[in-house]
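Biologist: I've got a model open and I'd like to learn how to read it. Could you walk me through a few features, general idea first and then the case here?

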Amino acid sequence: MKVPVFDITGGEVRQIEISDAVFGVPFNEAAVHQVMVGMQANLRQGTADSKSRGEIVGSTKKLYRQKGTGYARAGSKKSPTRRGGGSAFGPKPRDYRQEIPKKLRRLAIRCILSSKAGDGDLKILDSFNFDKPKTSKMVEVLDALKIDSSAVIITEKAETNVVKSARNIPQVITTPAGVINILDIISHKTLLMTEAAVRMAEKLWGNSSAQEGK
């Protein structure tokens, strides 16, 4: 697949070939959904806790006599049916973590990258070459590339000047190619990658594709 490469002024500088093994994979909805659910589950702390009637501090004395009061029969004030009582089926601390197989995670990443490329939401930049952090300069780059919505900026490795230039721009995040997160990519419209990041992604995820086929 051939795609254009742009410079920071928005001009096309050349066309490059990108790997179909990474950017041309048919979309596997089941794999992507399973990985998304697993990643979202792994983000949950699982610390929610409520007190049962046995954990409530208070008297267990019967509130009033069994008959003759005109009220429903009632025992302890710690009953879940009374204000201040325990919770009948409240949350308890638990581990929500799910194991995500490596092959499945890699497949999901390739599917998401391919989806962005197929929908025209993948833009490739030759490089940033920022001498110093400057938010206005990053805004100019995004405007030049006609990126007017949410975006994920992916570089080969963490670039301090790029990260600092983009961190104050709403709905724009940065990440190195080696730690691509499909939740971030799905939740943002445009995927902006440097050419070096594209080659890194091909190296990381393309080789795994060949190994899985053996």
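Modeller: Happy to, and keep in mind that this is a predicted model. Let's start with helix packing. Two packed helices are described by the angle between their axes and the distance between the axes. Here, helix H2 (residues 29-43) packs against helix H3 (residues 102-118) at an angle of about 115°, and their axes are 9 Å apart.

Biologist: How are H2 and H3 oriented to each other, then?

Modeller: Angles of 65 to 115 degrees count as roughly perpendicular, so H2 and H3 are roughly perpendicular to each other. Their crossing is left-handed.

Biologist: Which residues of H2 and H3 meet?

Modeller: From H2 you have Ala-31, Val-32, Gln-34 and Val-35. On the H3 side, they meet Leu-104, Arg-105, Leu-107, Ala-108, Cys-111 and Ile-112. By type, the residues of this contact divide into 8 nonpolar, 1 polar and 1 charged.

Biologist: Salt bridges next. How do I spot one, and how many salt bridges does a search of the whole structure find?

Modeller: Look for a side-chain nitrogen of Lys or Arg within 4 Å of a carboxyl oxygen of Asp or Glu. The search finds 5 salt bridges in the whole structure. Take Lys-92 and Asp-49, whose side chains meet at 3.4 Å, N to O. Both Lys-92 and Asp-49 lie in the loop between H2 and H3, so the pair ties together parts that are 43 residues apart in sequence. Lys-92 counts as partly exposed, at 38% relative accessibility.

Biologist: Which residues are linked with Lys-92 in a network of salt bridges?

Modeller: Asp-49 and Glu-55 are linked with Lys-92 in that network.

Biologist: And what partner does Asp-121 have in its salt bridge?

Modeller: That would be Lys-189, with the closest N and O atoms 3.5 Å apart. Asp-121 sits in the loop between H3 and strand E3 (122-125), while Lys-189 sits in the loop between helix H6 (182-186) and strand E6 (190-194), so this pair ties together parts that are 68 residues apart in sequence. Asp-121 is buried, with a relative accessible area of 13%, whereas Lys-189 is partly exposed at 43%.

Biologist: What about Arg-199 and Glu-202: how many residues apart are they in helix H7?

Modeller: They are 3 residues apart in H7 (residues 195-212), which means that about one helical turn separates them. Arg-199 counts as partly exposed at 34% relative accessibility, and Glu-202 counts as buried at 15%.

Biologist: Now phi. What should I expect there?

Modeller: Most residues other than glycine have a negative phi. Asn-129 has a positive phi, near 55°. You'll find Asn-129 in the loop between E3 and helix H4 (135-144), and it counts as exposed at 58% relative accessibility.

Biologist: Where is Lys-146, and is it buried or exposed?

Modeller: Lys-146 is in the loop between H4 and strand E4 (151-155). At 72% relative accessibility, Lys-146 counts as exposed. Its phi is near 60°, again a positive value in a residue other than glycine.

Biologist: Last topic: contacts between residues separated in sequence. What does Gly-86 touch, leaving aside its neighbours within four places in sequence?

Modeller: Gly-86 is in contact with Lys-51, Ser-52, Arg-53, Ile-56, Lys-78, Ser-79 and Pro-80. Pick out Ser-52: it is 34 residues from Gly-86 along the chain, and their C-alpha atoms are separated by 4.4 Å. Gly-86 lies in the loop between H2 and H3, and it is buried, with a relative accessible area of 4%.

Biologist: Can we try a residue in a strand? Which residues does Thr-175 touch, not counting those up to four places away in sequence?

Modeller: Thr-175, in strand E5 (residues 172-176), touches Val-152, Ile-153, Ile-154 and Thr-155. Thr-175 is buried, with a relative accessible area of 12%.

Biologist: And Gln-171, buried or exposed?

Modeller: Gln-171 is exposed, at a relative accessible area of 57%. Gln-171 is found in the loop between helix H5 (160-166) and E5. Not counting residues up to four places away in sequence, Gln-171 touches Ser-150, Ala-151 and His-188.

Note on methods:
Residues are numbered from 1 along each chain as its sequence is written. This is a predicted model: local features need pLDDT of at least 70, side-chain atom pairs count only at pLDDT 80 or more; totals for chains, interfaces and linings use all residues. Side-chain values use heavy atoms; hydrogens and water are left out. Axes are lines fitted to C-alpha atoms, for helices over the stretch in contact, and angles run from 0 to 180 degrees between N-to-C directions. Helices (H or I, at least four residues) and strands (E, at least two) are DSSP runs, numbered from the N terminus. Angles under 35 degrees count as roughly parallel, over 145 as roughly antiparallel, 65 to 115 as roughly perpendicular and the rest as oblique. A crossing is left-handed if the near helix is turned anticlockwise from the far one by less than a right angle, and right-handed if clockwise. Contact means heavy atoms within 4.5 Å. Ala, Val, Leu, Ile, Met, Phe, Trp, Tyr, Cys and Pro count as nonpolar, Asp, Glu, Lys and Arg as charged, and the others, Gly among them, as polar. Buried means under 20% relative accessible area, exposed over 50%, partly exposed in between (1.4 Å probe, protein chains only).
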